[in-house]
Amino acid sequence: MEYNRCITNKQAYIVGFVIGDGNLSRADYLIRMYDSDQVFASMILVPTFQDAFGLTPKVTYDQHTNGYVIYASSKHVWRMLLELGIPAGAKAKTVRIPAVIEQGTTTVRAAYLAAFFDAEGSIGCIMDPKR
């Protein structure tokens, strides 16, 4: 079954973040995102998820990773994300940019890329001037 509709910029952002630093559980319809910054989790991820799907995720501290888990349980949202192309369980070797993102508007693609960079990106400075 294919999820055949346009997605909003906020939904595209959540798709990008889940692909970058999140997952869909295999058994219990959990959608999880991970971040080390509590303020980012609470001030960006929670309201964006809420606006995107009408559901308020919870935030909990994970002492094993020294970070935060942002999670929600929803069969509807889980299936939507699955149908968009985010696999349940391990995804690193199989996940691709969803077609709805590739074929989306410039703002949808930008939201996806912003989220993926928020999840996976970094900016560094090389101090050696010879490099």
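## Contacts across the chain

In this predicted model, 64% of the protein's contacts between residues at least 6 apart in sequence join residues at least 24 apart.

## Overall build

The protein has five helices and four strands. Read from the N terminus, the order of elements is α-β-β-α-β-β-α-α-α.

Of the 131 residues, 41% count as buried. The accessible surface of the protein is about 8,100 Å². Carbon and sulfur atoms account for 54% of that surface.

## Helix 1 against helix 5

Two packed helices are described by the angle between their axes and the distance between the axes. For helix 1 and helix 5 (residues 106-120), the angle is about 30 degrees and the axes are 7 Å apart. The crossing is right-handed.

Helix 1 contributes Asn9, Ala12, Tyr13, Val15, Gly16, Phe17, Ile19, Gly20 and Asp21 to the contact. From helix 5 come Thr107, Val108, Ala111, Tyr112, Ala114, Ala115, Phe116, Asp118, Ala119 and Glu120. Sorted by class, the contact of these two helices holds 12 nonpolar, four polar and three charged residues.

## Ala12

Is Ala12 buried or exposed? Its relative accessibility is 0%, which is under the 20% cut-off, so Ala12 counts as buried.

Beyond its neighbours within four places in sequence, Ala12 is in contact with Ile7, Ile101, Val108, Ala111 and Tyr112. Ala12 and Leu113 lie 101 residues apart in sequence, yet their C-alpha atoms are 8.8 Å apart.

## Ile19

At 8% relative accessibility, Ile19 counts as buried.

Which residues does Ile19 touch, not counting those up to four places away in sequence? They are Ile86, Lys91, Val95, Arg96, Pro98, Tyr112 and Phe116. Ile86 is 67 residues from Ile19 along the chain, and the two C-alpha atoms are separated by 6.8 Å.

## Two loop residues with positive phi

Tyr29 is not a glycine, yet its phi is positive, at about 60 degrees. It lies in the loop between strand 1 (22-24) and strand 2 (30-35). Tyr29 has 27% relative accessibility and therefore counts as partly exposed.

Asn66 is not a glycine either, and its phi is positive, at about 55 degrees. Its place is in the loop between strand 3 (58-62) and strand 4 (67-73). Asn66 has a relative accessible area of 53%. The cut-off for exposed is over 50%, so Asn66 is exposed.

Definitions and conventions
Residues numbered from 1 in each chain as written. Predicted model: local features only at pLDDT ≥ 70, side-chain atom pairs only at ≥ 80, totals over all residues. Heavy atoms only, no water. Buried < 20%, exposed > 50% of the residue type's maximum accessible area, 1.4 Å probe, protein only. Contact = heavy atoms within 4.5 Å. Axes fitted to C-alpha atoms, helices over the stretch in contact; angles between N-to-C directions. Left-handed = near helix turned anticlockwise from the far one by under 90°. Nonpolar A, V, L, I, M, F, W, Y, C, P; charged D, E, K, R; others polar. Areas by Shrake-Rupley, 256 points an atom, 1.4 Å probe, with all protein chains shown as cover.
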